[in-house]
Amino acid sequence: MYNFYGFETNVTDPQGHTPRDYYDMLKDIWNKDTCAPRMQDQWTPANPTLGQCSITSFLMQDMFGGEVRGIALPDGNYHCFNIVEGQTFDLTSEQFNEKLDYANATPQERTTHFAKEEKRQRYELLKERLMKRLGE
């Protein structure tokens, strides 16, 4: 059973993987060291998606194409998710206790997010782990 937003999405990448397939791979790869630094003290294996949204969304953009969008949060940060072929999915939505409003989200740019070197490094680490998992 999947609980992430858009789990029923039926888009596939060129290898035939769905967002559900990537969620299954990532749930064992997300870790405290890939979590946003401001949230690392709160990260636990019981909530593996915490602090993983932007790096996961940009990684999914690598796999599926499409667009990364962000929901403005009260603390001034953005929660990122993907839109591919008109379908929305958010592999890291389970970190929230409340339902998010995906309707008015704004486009997010990789260059803006990766201007933070620590974020780019966490993305590279997550990507490296996923590529190993995919056998590439």
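1. Let's start with the sheet: four strands form an open sheet in the order β3-β2-β1-β4, with antiparallel pairing. Strands here are DSSP E runs of at least two residues and helices are H or I runs of at least four, numbered from the N terminus; two strands pair if DSSP finds at least two bridges between them. The edge strands, β3 (87–89) and β4 (106–107), each pair on one side only.

2. A word on the source: this is a predicted model, where local features need pLDDT of at least 70, side-chain atom pairs count only at pLDDT 80 or more, and totals for chains, interfaces and linings use all residues. Residues are numbered from 1 along each chain as its sequence is written, and side-chain values use heavy atoms, leaving out hydrogens and water.

3. Look next at β1 (residues 67–72), which pairs with β4 in the antiparallel sense over two bridges. Glycine 70 has threonine 106 of β4 as its bridge partner.

4. Now find helix α1 (residues 19–26), which packs against helix α4 (residues 117–134) at an angle of about 105 degrees, with the axes 10 Å apart. Axes are lines fitted to C-alpha atoms, for helices over the stretch in contact, and angles run from 0 to 180 degrees between N-to-C directions. The two helices are therefore roughly perpendicular (65 to 115 degrees; under 35 is roughly parallel, over 145 roughly antiparallel, the rest oblique). On the α1 side, the contact (heavy atoms within 4.5 Å) is made by Tyr22, Asp24, Met25 and Leu26.

5. Finally, α2 (residues 53–64) packs with α4 at about 50 degrees, axes 9 Å apart, so this pair is oblique.
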